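Please open the structure in your viewer and keep the selection tool at hand.

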Amino acid sequence: MPQDNFQQLLLSAESEAVQRFLSLLHRSWPRLQVPMSDGQALQSLASRLMGRFPQLTPQLFVDLSQFMPFMAVSDIMRVPPALLANESVLAALRRHSTHMKLVQKSAFAKLLLQAQLLGDVPTWRPGFLRTIQPLLPHLPLRRFVQLTPQQIQGLADGWQEVRLGLAQGRHVAHSLINVSRGAGEEQVHRLGALACYLSPEELQVLAPLRDPLGPVEQSLLACAANGVLSQHGRVAYALADLLRSAGLAAVGPQELRAWRGIVPELGVRFLQRLSATQVRALLPELQAAHLTPAQASVLLTQAVRTENVTEGVVSSLCPLLPGLGPESLQAIPTPTLVQACECLATALPLLSAPQKAALLQRLSREQQARSIWPDCLLPFVPLKLLHLDAATLLGQSGRFWELPWSQQQAQFLWRKVEAVTNVSQETIRAKLVDKLPNDSVRLILDYVSSHPQSLLMLPPHRRAALAHRALRLLRAPAETEIPGEVLDLLGPLLGFLGQEAAAHVQPESLLLRLEELQGACLAEGFAEELGRLLLTERVLGPPQCWSLLDVQQLGRLVFLLPVESVRLIPREVRSRDTLEQLLQSQREWEQSEPGRLCQPPGAQGRVRSRKEALVAWLVRSSPVGAQDPVPSCADMRATYPAAWSVAQISSMAPSHFEGCLDLISQDPALSPEQLRAALGKAKQLFGTAQPLQPVHVLQLGLLATQLSEQELHELELSNWGALSVLGVLEGWTARQMRAVVSSFLRQSGMSVQGLALPELAALGHLLCGLRADEMRLLNSREFSQAAPFVGSLRLGCSERQLETLAELLTSRLAFGPVSSWGPEIFTEIGTLAAGLQDIVLSSLIPEQIRALTPLAIAGIPAPKFTVVFSPAQLLGFTSAQASAVTPQQRALLSAEQSQAVVSAQYEEEVAQDGRGRNDARCHPGPSALALLCLMYSFG
């Protein structure tokens with residue numbers, strides 16, 4: 001039903017009639033079979049129904065309760081807190097809580113704190129607590145720890161059913177131990193899964209780990225399997241140490257399956273000792289995300305050698321796909337691969353570019369109709385292999401239009417659809433965010449509260465503009481400070497307020513919102529001001545007076561504080577356990593999708609200096625002239641590898657180094673000197689009597705970049721699988737790259753002309769090991785298929801090499817002359833576009849220039865950049881492109897060019913067509929909100 005018509009109907013109907021309708025809807029809901037996938041429509045319906053009744057009664061709330069999982073935060077905040085004292089309302093809340101999002105649970109938890117009838121947390125009654133137990137983990141930590149031991153004990157059985165944070169779980173475990181009797185081991189046993197929240201030091205005192213089959217150890221193993229224990233934490237390491245000491249031959253299949261959460265910590269040597277029967281028992285229990293490539297490779301190689309790989313067997317091999325190589329890929333029949341999307345879909349994000357390329361080549365060569373790709377592989381298919389026509393797209397829109405297409409695929413397919421339909425890329429008039437109507441701002445607020453990552457697709461200045469426009473709508477003119485209710489309504493937009501606006505945030509309101517801020521993207525200005533506010537008396541006060549609770553509340557926000565303030569945090573608060581918690585919190589954020597998208601320039605350097613200040617007491621000796629401590633693996637897990645000096649890494653005991661090799665080999669913050677020291681230790685571990693084996697190279701990770709030319713020559717590099725291990729790494733010298741490439745060509749027996757899609761993708765960064773005259777011999781058709789994989793890298797090639805690679809792409813067997821290229825080709829080839837000749841780049845039309853990726857812009861040599869782009873062309877850059885211009889490029893620009901780059905970065909001037917309209921185009925797909933399309937189009 002059209003929204004306007006429904007709104008008109010609601011407003012014109014009598015209240016009693018609408019109430020009867022709601023009551024009927026509530027009773028009939030289980031039989032209506034409403035598609036839950038249409039969340040946006042259900043959220044809109046819930047909002048309109050709630051808006052019809054400004055004063056909600058308990059009965060109205062219950063009748064609306066089926067909409068709880070779809071309610072916007074702004075609608076939840078309109079619920080009178082007093083309603084939560086009603087038993088029917090609470091029962092409805094508990095019933096629907098399992099389907100709610102985190103932001104919704106958090107909003108309802110805050111309502112509980114506002115209900116005066118309920119009183120303070122320590123006074124909450126047992127019956128009330130049992131009803132709201134699913135919401136308790138979403139209370140701010142400052143309020144959660146007010147739960148008394150008696151209250152916690154009264155909920156003892158229910159704690160096993162809710163997911164707690166580490167600090168919350170520890171508070172619950174400590175409270176239950178404090179009110180129980182008996183020996184330490186008996187107390188920990190009674191905790192069950194809650195024992196997983198105890199620190200290694202507490203476990204050592206109360207229940208030392210002795211027996212893999214013991215009740216405490218079994219509880220910890222179950223937590224590791226469920227993801228409650230940190231995989232790289234000290235408790236997991238202690239468990240792995242215990243399991244390694246067990247006689248492997250006597251470990252039965254059922255016992256081994258219970259170890260599944262710790263298997264990645266047991267190491268490659270342990271996995272190599274497993275029998276075929278043990279591997280078969282373990283496979284269905286593993287998760288791809290937890291295994292290292294070396295571990296996955298060892299298990300997969302063993303599995304395909306002992307199994308006849310059928311469709312049923314492939315499903316058990318899914319977790320091992322990150323170890324996919326030529327031998328294992330060949331063992332999987334093509335029909336099985338085509339039907340294996342259920343398996344592939346979960347593993348694909350973990351596969352390297354060469355592995356994806358090899359899968360695509362295998363299917364494209366053996367399928368008669370190359371246009372029929374498994375749906376899960378379609379988003380990775382190069383444009384040269386994407387043979388979908390408009391009729392197929394439009395005929396199966398439900399299947400194709402919801403796939404997560406790459407940007408270049410979406411551009412390519414849209415052009416096909418546009419050519420045969422009346423759908424057009426209608427240009428949208430430039431609007432300022434300040435001119436947005438209030439209703440549109442409210443829609444945006446509701447949308448981004450449940451889709452915070454959508455904001456990260458906008459340039460920084462647009463996020464800031466939206467945040468300030470929303471603040472103007474929500475904040476009362478007379479307010480001198482921004483209250484907590486406004487912060488909640490701003491949601492993820494809060495982090496994009498400028499420093500001046502952030503300074504007006506009511507300091508006390510931050511204390512109840514620190515958890516939300518830990519999971520939010522924070523612009524540099526806001527983060528700096530937040531760091532200052534946290535130190536004021538109205539929030540946490542001077543850091544030298546902080547308690548453990550203060551630091552636990554902050555989590556990763558501690559890295560926003562000035563370095564001097566971090567050093568002042570009391571030493572007793574910065575225990576090994578606290579260090580592990582804080583650093584793990586920061587690591588999880590950096591590895592999350594929002595964390596990867598939200599990385600302002602220089603952020604890593606600022607965080608690194610805070611990390612160093614935090615761990616200094618453990619890493620460096622206090623007395624002047626004293627020798628620095630030698631780290632154990634547990635010490636390294638409580639901190640991070642780069643915190644330890646070359647001498648400290650070199651002095652590690654072999655068993656401790658082996659236990660932490662996976663962590664060390666993946667730490668991008670290690671200096672070349674630290675990498676060389678770690679490589680020396682690793683070679684001692686593997687033995688130096690013979691050249692390194694492929695599995696050893698996989699284990700080396702970043703350490704491999706320090707191998708000598710001679711060592712690289714001696715590596716076994718006979719196929720794309722072995723080559724890809726090195727090709728994904730950057731930081732090679734020209735001589736190292738040459739050594740690897742010449743060794744690969746010699747061992748594989750391949751010529752440069754014969755390199756196909758898998759080999760080209762596997763070369764990756766090492767492609768620059770080919771001389772320019774050799775690059776000219778590459779098969780341009782195969783290279784054009786490898787373009788999306790190679791073009792996503794920051795290649796360390798010379799200018800001449802880059803020009804040679806770009807020239808290959810202009811062949812008639814590749815993409816043809818540049819003048820005929822659409823935007824999708826520039827997006828597809830990525831950084832390879834930096835090698836286009838000066839005259840070609842300067843001749844690009846605006847639509848083509850805007851399709852150059854930011855990495856390609858940054859990759860154009862500074863002297864060339866200055867020559868090829870006029871001020872008018874620079875003014876047409878997107879904000880992301882202008883932001884990518886490097887300091888070296890800026891230094892050579894004229895004053896007029898520099899001003900054009902600044903204007904483009906902040907979109908101060910908009911390139912217009914002859915009719916005075918913004919030439920920015922919006923391409924909304926059927927699954928995209930037109931609202932966000934508008935957001936992206938605003939100047």
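**Stop one: a glycine in a loop**

Select G687, which has a relative accessibility of 31%; since this value falls between the 20% limit for buried and the 50% limit for exposed, G687 counts as partly exposed. Please bear in mind throughout that the model is predicted. G687 belongs to the loop that joins α44 (672-686) and α45 (694-700).

**Stop two: a pair of helices**

Next, display helix α38 (residues 576-591) together with helix α40 (residues 603-619). How do the axes of these two helices cross? They come within 10 Å and cross at roughly 165 degrees. An angle over 145 degrees counts as roughly antiparallel, and α38 and α40 are therefore described in that way. The crossing in which α38 passes α40 is left-handed.

To view the contact, show the side chains on both helices. On α38, the contact is made by R576, L579, L582, L583, Q586 and E590. On α40, the contributing residues are Q604, V607, K611, L614, V615, W617 and L618.

The charged end of K611 sits over the ring of Y640, at 5.2 Å from the ring's centre.

**Stop three: another charge over a ring**

Move to R52 and F53. Here R52 lies over the face of F53, and the distance from the ring centre is 5.7 Å.

**Stop four: aromatic pairs**

How many aromatic pairs does a search of the whole structure find? The search finds 10. Select F144 and W159, whose ring centres are 6.1 Å apart. Their planes stand at 70 degrees, so the pair is edge-to-face. This pair links distant parts of the chain: F144 is in helix α9 (residues 141-144), while W159 is in the loop between α10 (149-154) and α11 (166-178), 15 residues apart. Are F144 and W159 buried or exposed? Both F144 and W159 are buried.

Then select W821 and F826, which form an edge-to-face pair. The distance is 5.3 Å centre to centre, with 65 degrees between the planes. W821 and F826 are both buried.

Key: Residues numbered from 1 in each chain as written. Predicted model: local features only at pLDDT ≥ 70, side-chain atom pairs only at ≥ 80, totals over all residues. Heavy atoms only, no water. Phe/Tyr/Trp six-rings, centres within 6.5 Å; stacked < 30°, edge-to-face > 60°. Helix = DSSP H or I, 4+ residues; strand = E, 2+ residues; numbered from the N terminus. Buried < 20%, exposed > 50% of the residue type's maximum accessible area, 1.4 Å probe, protein only. Lys NZ or Arg CZ within 6 Å of the ring centre and 35° of its normal. Axes fitted to C-alpha atoms, helices over the stretch in contact; angles between N-to-C directions. Parallel < 35°, antiparallel > 145°, perpendicular 65-115°, else oblique. Left-handed = near helix turned anticlockwise from the far one by under 90°. Contact = heavy atoms within 4.5 Å.
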